[in-house]
Amino acid sequence: MQITITDDGIKVTDALKQYILDKFKRLERITHKTTAIHVTLSLENLDQVVKALVHAHGTEFYASASNENLYQAIDELIDKIEYQINKHKQQHYNNNYNNNN
């Protein structure tokens, strides 16, 4: 899994980079086919904004989150991406189950 982090007005420290890497490892337990993740960190007004594009299962998942606290924004982003992947997997399972009956 390749993770690219782009900053736009926010300095990416080693601790922040490690935090992002650790959080995205959460996705490995629900998907084993993640090929690439692109994370963008930016500052809009007073909010820290985090956006991510995840390539997994032949599909792209996109989410963004903003918060005054960058770490909370990252946590919200991971929750959104995880929800999208689980929803996609459930739809795929339902389609296969319905086709087999």
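Helices (H or I, at least four residues) and strands (E, at least two) are DSSP runs, numbered from the N terminus. This is a predicted model, in which local features need pLDDT of at least 70, side-chain atom pairs count only at pLDDT 80 or more, and totals for chains, interfaces and linings use all residues. Residues are numbered from 1 along each chain as its sequence is written, and side-chain values use heavy atoms, with hydrogens and water left out.

Figure 1. Along the principal axes, the C-alpha atoms fill a box of roughly 55 × 25 × 15 Å. Of the 101 residues in the protein chain, 30% are buried (under 20% relative accessible area; exposed is over 50% and partly exposed lies in between, with a 1.4 Å probe and protein chains only). Among contacts (heavy atoms within 4.5 Å) with a separation of 6 or more, 47% join residues 24 or more positions apart.

**Figure 2. Strands β3 and β4 form an antiparallel hairpin.** Strand β3 covers residues 47–56 and strand β4 residues 59–67, and nine bridges run between them; for two strands to pair, DSSP must find at least two bridges. One spot to look for is Val-49, whose bridge partner in β4 is Ser-66. Two residues lie between the strands, and in this hairpin His-57 takes a positive phi near 55°.

**Figure 3. The structure holds one aromatic pair.** The rings of Tyr-19 and Tyr-71 have centres 4.7 Å apart and planes at 80°, so the pair is edge-to-face. The pair links distant parts of the chain, with Tyr-19 in helix α1 (residues 14–24) and Tyr-71 in helix α2 (residues 70–100), 52 residues apart. For reference, rings of Phe, Tyr and Trp (its six-membered ring) pair if their centres lie within 6.5 Å; planes under 30 degrees apart count as stacked, over 60 as edge-to-face and the rest as tilted. Tyr-19 is partly exposed at 22% relative accessible area, and Tyr-71 is partly exposed at 35%.
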